[in-house]
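Open the model in your viewer and keep the selection tool ready. The tour goes from one residue to the next and says what is there.

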Amino acid sequence: VGDLGSWVGIQRFIIDSVFDVDIVLTGDVDLSTGPALEPLGKNESNCIPYSGTFDGRGFKIINANMNKAGTNMGLFCALKNATVKNVVIDSTCTFQGTNCAALSPIVAGTVTIQNVTNNGRVIGSACGGGFLGMTNTTNQINITIENSVNSAHVSGNLASGFVGNIQ
């Protein structure tokens, strides 16, 4: 994935409610033009959690402006048993809605974040997290964050630099 067209095309890999494909960036991805951005995995009214490995290979996500009142916003609609690594969220990115985070507003299962830098803005009317929005501990949750930096402006009723709300 190295451009807007291939970024939007990722949605075609959702098969029968499963979104388990490895994604590798081949260059910086500028999301400033094209259709209104929705989190990856979101189709119509459903959210299919991402369960693969996203490897940014040190490249940047640029100009992601995800702003929709009453919805959850992040690059992915949810992460479940996934790894996100080696990516930079540029300062030109904004994630704004109800529950928001740069990577994902919702987390389940085992999620690993390695070598990720977030320089964007996260504004959640309910919950905001620099990397992850919220998780519910009634299910088994295991979150590992290694060698990662959040320099983003994060705000929300419940807000934190890494995970906005752990219930």
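Select Phe131 to begin: this residue is buried, with a relative accessible area of 0%. Buried means under 20% relative accessible area, exposed means over 50%, and partly exposed lies in between (1.4 Å probe, protein chains only). The model is predicted, so local features need pLDDT of at least 70 and side-chain atom pairs count only at pLDDT 80 or more, while totals for chains, interfaces and linings use all residues. Residues are numbered from 1 along each chain as its sequence is written, and side-chain values use heavy atoms, with hydrogens and water left out.

**Aromatic rings**

A search of the whole structure finds four aromatic pairs. Rings of Phe, Tyr and Trp (its six-membered ring) pair if their centres lie within 6.5 Å; planes under 30 degrees apart count as stacked, over 60 as edge-to-face and the rest as tilted.

Now select Phe54 and Phe76. Their ring centres are 5.7 Å apart and their planes stand at 85°, so this pair is edge-to-face. Phe54 is in strand E5 (residues 53–55) and Phe76 is in the loop between strand E7 (65–67) and E8, so the pair ties together parts 22 residues apart in sequence. Helices (H or I, at least four residues) and strands (E, at least two) are DSSP runs, numbered from the N terminus. Phe76 is buried, at 1% relative accessibility.

With centres 5.4 Å apart and planes at 25°, the two rings are stacked. Phe162 is partly exposed at 38%.

**The nonpolar core**

Which residues touch the most other members of the largest nonpolar core? Select Ile61, Phe76, Phe95 and Leu103, out of its 35 residues. Such a core is a set of buried Ala, Val, Leu, Ile, Met, Phe, Trp, Tyr and Cys residues joined through side-chain atoms within 4.5 Å. Leaving aside neighbours within four places in sequence, Leu103 has contacts (heavy atoms within 4.5 Å) that include Phe76 and Phe131.

**The salt bridge**

Last, select Asp90 and Lys60. They form a salt bridge, with the closest N and O atoms 3.9 Å apart; the term means a side-chain nitrogen of Lys or Arg within 4 Å of a carboxyl oxygen of Asp or Glu. The structure holds one salt bridge. Asp90 is buried at 13% relative accessibility, and Lys60 is partly exposed at 35%.
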